[in-house]
Each structure stands twice: as structure tokens, then as C-alpha cells.
Amino acid sequence: MDKQQEFVLRTLEERDIRFIRLWFTDVLGVLKSVEIAPAELEGALAEGIGFDGSSIEGFARVHEADMLVKPDPSTFQVLPWRGDSPVTARMFCDLVMPGGAPSPADSRWVLRRTLATAAEAGFTFYTHPEIEFFLLRQPPQRGAPVPPPVDDSGYFDLTPNDISHDFRQQAIGVLERLGISVEFSHHEVAPGQQEIDLRYADALTIADNIMTFRQVVKEVALRQGVYATFMPKPYSDQAGSGMHTHLSLFEGDRNAFYDPTDPYHLSKVAQAFIAGLLVHAAEITAVTNQWVNSYKRIVGDQRAGEVLEAPAYVCWGHNNRSALVRIPLHKPNKPNATRIEFRSPDSACNPYLAFALILAAGLRGIQEGYELPPPAADDVWTLTEPQRNERGIRALPGTLEEAIATMERSEMVRDTLGADLFEFFLRNKRAEWAEYRRQVTPFEIDRYLPIL
């Protein structure tokens, strides 16, 4: 038994922990949990806990249903929102087949495998997400209008009796007690919209932290009598919720993205990584933006007076917030702060699969020596289509259907996800699109029923 396992078992006794929740994620990024008593944990660490994989979205066909969850003791944390009675802890789990092989449906394993590929090339992959979400006054009801937001505030606003500010403080307190460091928090552009940014860490830790973050935000909201949603675009007339993600590769303690001689302080490695993201951006969009609703956020047009920060076109730029890949302002004497910002993911994606594909696309650019095109200096939303075509600026997929069609042609995505997970994901998304197409929307009723 290693030291981490010994620490976990000792903590169970010292803290009088009564329950352990074993967390894992299905293919779509939905958190699942099975709860065990402390007496079962040593066996779970050694052998895993069996479950019926065919009952969970995308995990197995009926004839290969038996699976095991094996806790990762490095992720052990006491859940602070549970209070003192009974004390409950959680651990993330890896999914394995009865013979001990990793489950091909385990999205956490997909990210581990891609990180191992990066490590073979000498790189460690770090990420830092800016996670946006909405707070609503009450839970939604099926068939009813979207509940109103908790406030009418805007970007960086602070007002008396600020529900959002108090909520963010409480949520951050819970996150920090779970060992999750927060860098910034503030009110976002839309009424009721919040942003909390997690501090840089390796991509697997951050993916685990995002899953914990979403659970914490919903738990804290429930206790405050409000409702939190990570739906990408709940309001037609307001900004959507994204998860702009800052990325960097390190070689040991050295930032592989930094070059002091480059005008943008970007190394050849960074430039090839960005080029890989641009070449493969459309192929990975069905995963970074995996829901029908995701495409209401990355719409690609600009209404009069409306500020859009969701990218719709494949380009990069220096401090250009209309670009898919943005190069943040360089910080003098801080080479380790050199990074790129990938702006398309939304906060409802599966972070394990999204990070795996982002990394795989960047690594492909490095391995194949992709050339970085010139940066986009203009606001690409305001360019005409001929102007974008002249500059070689392509659009991201405009619907889930288009994203699916692009993904299914991608050898890079198939290789990264593995054939089984790749096929399930596509099958699930095709079914979602088919169901969406059958719906008669309020827009159609309001526009067509009076006149047709």
C-alpha cells in the first residue's frame, strides 16, 4: 500500500468519515457517484467496485456490461458542504474492465493517455479555465419560460445587497476547502452571469477540478435558494457562458511556449501548437461545444450594440477577443506566464475529452510542423464574408449537425478518443440532433402561426 492510500485510510479514522463517494464521469461529462462505507475502501483501492456499465450512457454494450470503478487516492477530499454529521468524502475514479485493462469508455483515461503521449515528447500540459455560469431565481420547469436571473447587474458590477457577490464568496470558500485554488471571480456581462477562474494546474487536475466545481456551484446555489446552470445559452438576448481556457506546455520547469526574441514572445513550439489548434478546430468542436444549445452561443453574427466574445471563426490574434485563439498580453520578466487562450469551449463540455482533443490537436501541429498563418488584426465579426475568405478565415461549425459531420471525418479525433468512444459519442450526438429537429419551437409558433 502506498503512502497516499495509507493517508486516506488514516484520515477516515481520524475524521470519523462515515461515507465515501466514488465519482466518475460518463462519456458526455455527467458526474456519476456510488457511495461506500469506510470498511469497503481498502478493497475498492485494491480491486475496484463493480457496476453495470450498460446502464450508464456510453459505457458498454450489454454483453460487456461488467466494469469496475477504482478510486484514485490522490483525489481524496472531505466534502465541506456535508457538514459534520455524517462526514462524507469523495474520490475520483478510473474505470477498468474485469481483467484490469482501462475501459475504452473512460473519458478520464482518454485524457491520461493523451497526457502520456505529451510526456513522451517531453511536455507537461497546463490549463487554466475561466468558467462562466448563470444564477437563476428558481429552478426551471419543463415547458415554462426560463426563470429570471438573480440580478440585473453587468460586467464587474458590485451593488448593495449583492446576491451574486455573496454567492461567489461562499462557493470559493467551499472550493478552497476542497483544495481547489481560485484566481479570480467577478460578475460577467449578462444579468445573473458569473465567472470564477481556477488557478493553473496540470490538465488532469483541472479536469477533475472542473467536475468538482460544477457540483460545488450547484450545491451552494441550492443552499442559497437559487439555481445555477452551465447551459451555454439560456437567454436568447444575452451573452452565453463560455469556458475560455488558457494553455501552455512546459519542459520541466521551462515554459516551452516562451521565446524572448519573437514579437509575440511565442516559441516555434507555441506557434506550431496554435497552428494545430487552427487546423483541427472544426474537427474538435463537437466535443468542445457538444450540445445543440452550444451553437446558439457561437453564432457568428453581431447585432447592433451587442458585445460578442464567443468565437465563430478560425483565426488567432494578439489580445484579439474576436479570435478563436488569443495571445494574452505579455508580462515582462514572467516567461512562465506566456500562454495561449482557446476561446471556443463552453462550460458544459466534458473537460476530459475537450482537454485531450485540444492537446492532441496542438501536438499534431508540433509533430507535423504546421505553419502558423498571419494573425487577425481586425475584429473578425465585423468583416464581410468575402473579406474573411480573402484572408483564409474559416467559420467554425454553425450547428451540432455540421460539427458532427466534421468530427466523423477526423482521423485525429478517432485516434485520440479511441474507436469505441468515438462511435458512441457520434451516435449520441446524432440522436440529439434528430430529436432537436423534430421540435416545434416558440420562435416558429410566434413567427409563423399568425401568418400562415
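Is F24 buried or exposed? I started my notebook with that one. I am working from a predicted model, so every entry below is about a prediction.

**Entry 1: F24**

I found F24 in strand 1. Its relative accessibility is 5%, and the cut-off for buried is under 20%, so F24 counts as buried. I also looked along the chain to P373, which sits 349 residues away from F24. The C-alpha atoms of F24 and P373 are separated by 40 Å.

**Entry 2: two domains**

Next I looked up how the chain is divided. I noted domain 1 at 3–103 and domain 2 at 113–449. Taken over C-alpha atoms, the centres of these two domains are 28 Å apart. How many residues does each domain bring to the contact? I wrote down 18 residues from domain 1 and 22 residues from domain 2.

**Entry 3: where the domains meet**

A reminder to myself: interface size is often quoted as the accessible area lost when the parts come together. For domain 1 and domain 2, that buried area is about 1,700 Å², with 64% of it on carbon and sulfur atoms. Which three residues supply more of domain 1's share than any other three? They are V27, L28 and W81, which together give 39% of the area that domain 1 buries against domain 2.

I then checked for charged pairs and polar pairs. For polar contacts, I counted six residue pairs between the two domains, with both residues at pLDDT 80 or more. On the side of domain 1 that touches domain 2, the elements giving two or more residues are strand 1 (17–25), strand 5 (77–78) and strand 6 (87–96). Sorted by class, that side of domain 1 has 10 nonpolar, five polar and three charged residues.

**Entry 4: two positive phi angles**

D16 is not a glycine, yet its phi is positive, about 55 degrees. I placed D16 in the loop between helix 1 (3–14) and strand 1. H265 is not a glycine either, and its phi is about 60 degrees. Where is H265 found? It lies in the loop between strand 13 (254–255) and helix 6 (268–288). H265 has a relative accessible area of 19%, and under 20% means buried, so H265 is buried.

**Entry 5: T338 and its contacts**

H265 turned up again when I looked at T338. Leaving aside neighbours within four places in sequence, T338 is in contact with S248, N255, F257, Y258, H265, L266 and H330. T338 itself is in the loop between strand 16 (325–327) and strand 17 (340–342). With a relative accessible area of 7%, T338 is buried.

**Entry 6: R388**

My last stop was R388, in helix 9 (residues 385–390). Is this arginine, R388, buried or exposed? R388 has 10% relative accessibility, so it counts as buried. Which residues does R388 touch, not counting those up to four places away in sequence? I listed Y313, V380, W381, L383 and I393. For L383 I noted a distance too: its backbone oxygen lies 2.6 Å from a polar atom of the R388 side chain. I also compared R388 with C315, which is 73 residues apart from R388 in sequence. Their C-alpha atoms are 10.0 Å apart in space.

Notes: Residues numbered from 1 in each chain as written. Predicted model: local features only at pLDDT ≥ 70, side-chain atom pairs only at ≥ 80, totals over all residues. Heavy atoms only, no water. Domains from an automatic or database assignment. Contact = heavy atoms within 4.5 Å. Buried area = accessible area lost by both parts, 1.4 Å probe. Polar contact = N/O pair within 3.5 Å; in protein donor to acceptor, adjacent residues only side chain to side chain. Helix = DSSP H or I, 4+ residues; strand = E, 2+ residues; numbered from the N terminus. Nonpolar A, V, L, I, M, F, W, Y, C, P; charged D, E, K, R; others polar. Buried < 20%, exposed > 50% of the residue type's maximum accessible area, 1.4 Å probe, protein only.
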